[in-house]
Amino acid sequence: MPLNVDPQLGNGRKITLNVALTKLRTFDAVPKKLLSETNRYIRPIMLVQLEGTGADQREGGYMHAEDLKDWLLTSGFDQSEAAIKTPKQNDLKASENKDLLSPTSRIRAIITKQAFQEGWDCPFAYVLCSLGASSDLKCMTQLVGRFLSLPGATKTGVETLNECHVITHHANTTR
């Protein structure tokens with residue numbers, strides 16, 4: 001799957017988030033067409049990797065998971081479309097969110113710090129917005145590798161759905 005990297009160097013976190021959200025919205029009509037033509041269901045999801053999720057991070061100049069969820073809600077998402085997955089909060093455990101592949105799931109954005117590096121996969125991942133810099137090449141390779149292998153690593157026949165996008169906030173993340 002082709003990987004498109006779009007570093008937003010020097011821009012603020014909200015600008016980076018807006019770029020990622022705009023990219024996610026470019027997918028809106030494409031899966032419906034795929035479903036009508038092939039009966040294959042895909043719902044593109046944006047993964048947002050934060051710098052930290054603990055309460056002590058909230059005042060430390062970082063964007064907290066709850067603040068990001070609030071931002072998504074003001075950007076047009078509803079409560080059922082945004083989920084937080086951290087050690088202290090896992091919205092994906094709710095019965096309606098357990099199967100991200102299900103057409104009944106409404107999740108379009110998942111906020112986390114390191115769930116992807118811990119062996120958790122996210123089907124339908126098309127946009128990764130990395131707000132946390134990582135100079136650990138092994139961790140970033142693992143993260144992007146998990147991202148590239150989804151969903152199911154099979155081509156759809158639709159060019160837009162055969163590529164993924166990584167939007168980064170820090171220069172160190174793009175190395």
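Two strands are taken to pair if DSSP finds at least two bridges between them, and in this predicted model strand E2 and strand E5 (residues 125–130) meet that condition, being joined by 5 bridges and running parallel. Within this pair, Val-48 stands opposite Cys-129 in E5, and Cys-129 is buried, with a relative accessible area of 0%.

The protein as a whole comes to 4 helices and 6 strands, and from the N terminus on its elements run in the order β-α-α-β-α-β-β-β-α-β. Of its 175 residues, 46% count as buried, while the accessible surface amounts to about 8800 Å², of which 50% belongs to carbon and sulfur atoms. When contacts between residues at least 6 apart in sequence are considered, 75% of them join residues that are at least 24 apart.

The strands form an open sheet of 6 strands with parallel pairing, in which the order is E1-E6-E5-E2-E4-E3. Strand E1 (3–7) and E3 stand at the edges of this sheet and have a single partner strand each, so that one side of each is left without a neighbour in the sheet. From one strand to the next, the twist averages 20°. In general, the strands of a sheet pair through backbone hydrogen bonds, and the pairing is either parallel or antiparallel.

Strand E4 (109–112) can be described through its two pairings and its side chains. E4 pairs with E2 in the parallel sense over 4 bridges, and in this pairing Gln-49 is the residue that stands opposite Thr-112. E4 is also joined to E3 by 4 bridges, again with the two strands running parallel, and here Lys-85 stands opposite Thr-112. In a regular strand the side chains alternate between the two faces of the sheet. In E4, Ala-109 and Ile-111 point one way, whereas Ile-110 and Thr-112 point the other way, and all of these residues are buried.

The loop between E3 and E4 contains Pro-103, which counts as exposed because its relative accessibility is 58%, and the cut-off for an exposed residue is over 50%. Although Pro-103 and Tyr-41 are 62 residues apart in sequence, the C-alpha atoms of Pro-103 and Tyr-41 are 7.2 Å apart in space.

Helix H3 (residues 65–74) contributes Ala-65, Leu-68, Lys-69, Trp-71 and Leu-72 as buried residues. These residues cover an arc of only 155° around the axis, which puts them on the same side of H3. The elements against which the buried residues of H3 pack are helix H1 (13–25), strand E2 (45–49), strand E3 (82–85) and strand E4 (109–112). H3 is followed by Gly-76, and the phi of this glycine is positive, near 110°.

The cysteines were also considered. The structure holds 0 disulfides, a disulfide being a pair of cysteine sulfur atoms within 2.5 Å.

Note on methods. Residues numbered from 1 in each chain as written. Predicted model: local features only at pLDDT ≥ 70, side-chain atom pairs only at ≥ 80, totals over all residues. Heavy atoms only, no water. Buried < 20%, exposed > 50% of the residue type's maximum accessible area, 1.4 Å probe, protein only. Arc of directions from axis to C-beta. Contact = heavy atoms within 4.5 Å. Areas by Shrake-Rupley, 256 points an atom, 1.4 Å probe, with all protein chains shown as cover. Axes fitted to C-alpha atoms, helices over the stretch in contact; angles between N-to-C directions.
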